[in-house]
Amino acid sequence: MKYDVAIIGAGVIGGFIARELSRYDLKVCLIERENDVGMGASRANSAIVHAGFDAEPGTLKALLNVKGSEMMEQVAGELGVPYRRNTSIVVGFCDEDLPKLQTLLDRGNKNGVRDLKIISGDEARALEPKLGPTVKYALLAPTGAIVCPYELTIAAIGNAMDNGVTLVRNFEVKSIRKEGNFYQISSGVGDDIEAARVINCAGVYSDKIASFVGACDFTITPRRGEYLLLDKECGNMVSATIFRTPTAMGKGILVTRTVDGNLLMGPTAENITDKEDTSTTDAGLASVRTMAEEMVPGIPGRCVITSFCGLRSVGDKGDFIINNPIPGFVNVAAIESPGLSSSPAIAEYVVELLKKDGAVLNARPDFNPIRRPAHWFRHMSLAEKNKVIAEKPAYGRIICRCESVTEGEIKEALVTNPRPMDVDGVKRRTRSGMGRCQGGFCQPNVIGLLAQELGIPFEDVTKCGGDSKLMFGRTRGGKM
Ligand SMILES: Cc1cc2nc3c(=O)[nH]c(=O)nc-3n(C[C@H](O)[C@H](O)[C@H](O)COP(=O)(O)OP(=O)(O)OC[C@H]3O[C@@H](n4cnc5c(N)ncnc54)[C@H](O)[C@@H]3O)c2cc1C
């Protein structure tokens, strides 16, 4: 199959570019090395739609953050993804922090961020009663918001697929060469993928992909960020997202409620060399606790339900690298924070680059921007739920007790673009396994449903693709 455009990397950036291109009469292919989409930075980040006061005025980060933040509410609505404009608050603890907050305010005003203001510690505590007594000043950004980053990625890609984009998983791009008018994209196994244009959205590996076509004048350093996620019992400790003043290594540790009602704290910031190292460390998690405690004292450590780590793609140019270095090839690299916030705006920017590069883009009249919300059933009234259950009894059978996820919701996710192919994929789409017990009760049932839908033996179902098998034979005969 020959494609007009191949996008390498099914993260939030590749996903939104795929969706944007599906508006046009083009054959588009989205290539991902993993068993699922959104497996890089797009699944492990702070989930903040930044208002846009951090980036230096005049940078791509500033331009695309503010634009993306303004687009996000509508885009999340179209894609049926939870989004909440919850306000961002940057806190300062001493007089030396005040000029830092003033710099952020000035930058934000230059970048076009609306309604920023600096308030006193007491005013901040009146808004957020759990803020610590040592908070002396705060910058208030009412346009700051939160979103679920992996649901956003899955939904953007699902909508792109519904509009004709092909997703190719488990295809790790290992070389690219140009033959005639087409790029030959190879994994070294099976057939190559041929495409007239290539868009490089490979996250921490975007420098490697660019080097395959001799178009790499940048490097990407992975910067680790570790987090603690707490039970919903603590979700109401804060309403806004609370940041410390930023440092050269980034925005620093934050405390935030998530759109699903949990409490999240982190991330650390540590440059590393291994682009696969997403381990958490005792020291990293301890520093998260200490810093968070100063901002919001009394966060109960016993409520931690899991920890995780994401890798930022830090470029050596100090800005997003979005360019068209050779005909038919576009780099979308160094998309560190605020990449999630900027994602819909980056997609529009890339389409403009393609037009300048000579791509012919004819709008498709049948493009449909709407995707059914993944959690439509959860948000129904009891009476509405009972009506659905009377017609489809699977919606009356609870599989995940912590998050109240039904068999009907899981079965629906299993046939919705992009279909989950493993247990973690079901978890990210339905929240089954996301709760307090982290899958202890629901996992065997999820494995059974996956085996049934994929038509594979129970023992062949994996946690996250590859050789991550969960079962090694039956302990009793008969059915599960
Ligand atoms: C700790 C942390 C906190 C953050 N917080 C925020 C925040 O609050 N707000 C915000 O706006 N931004 C935030 N960000 C930034 C945001 O997460 C990223 O900008 C965004 O997720 C980048 O998306 P991406 O698609 O470019 O990269 P990724 O999501 O990493 O996707 C790249 C994809 O390419 C695939 N790939 C790589 N190599 C190959 C290959 N050879 N062949 C095929 N596929 C390949 C990978 O498997 C991956 O799926 C944060 C990032 C981190 C790490």
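Is Cys-402 buried, partly exposed or exposed? Select Cys-402 and display its surface: this residue is partly exposed, with a relative accessible area of 36%. Here buried means under 20% relative accessible area, exposed means over 50%, and partly exposed lies in between (1.4 Å probe, protein chains only).

The model on the screen is predicted; local features need pLDDT of at least 70, side-chain atom pairs count only at pLDDT 80 or more, and totals for chains, interfaces and linings use all residues. Residues are numbered from 1 along each chain as its sequence is written, and side-chain values use heavy atoms, with hydrogens and water left out.

**The cysteines**

A disulfide is a pair of cysteine sulfur atoms within 2.5 Å. By this rule the model has zero disulfides. Next, select Cys-148, which is in no disulfide; the nearest cysteine sulfur, in Cys-400, is 15 Å away. Cys-148 is buried, with a relative accessible area of 3%.

**The domains**

Colour the chain by domain, with bounds that come from an automatic or database domain assignment. Domain 1 covers 1-83 + 147-219 + 316-373, domain 2 covers 87-143 + 221-311, and domain 3 covers 382-460.

**Between domain 1 and domain 2**

Select domain 1 and domain 2 together; their C-alpha centres lie 28 Å apart. In contact (heavy atoms within 4.5 Å) are 29 residues of domain 1 and 33 residues of domain 2. The two domains bury about 2,400 Å² between them, 56% of it on carbon and sulfur atoms. Buried area is the accessible area (1.4 Å probe) that two parts lose on being put together, summed over both. Now select Phe-53, Asp-54 and Val-204: in domain 1 these residues lose the most area to domain 2, together 27% of what that side buries.

How many salt bridges are counted between domain 1 and domain 2? The count is four, where a salt bridge is a side-chain nitrogen of Lys or Arg within 4 Å of a carboxyl oxygen of Asp or Glu. Select Asp-207 and Lys-275 to view a salt bridge between their side chains, at 3.0 Å from N to O.

**A covered helix**

Finally, select helix α1, residues 12-21. Helices (H or I, at least four residues) and strands (E, at least two) are DSSP runs, numbered from the N terminus. Helix α1 is mostly covered, with ten of its ten residues buried; among them are Val-12, Phe-16, Arg-19 and Glu-20.
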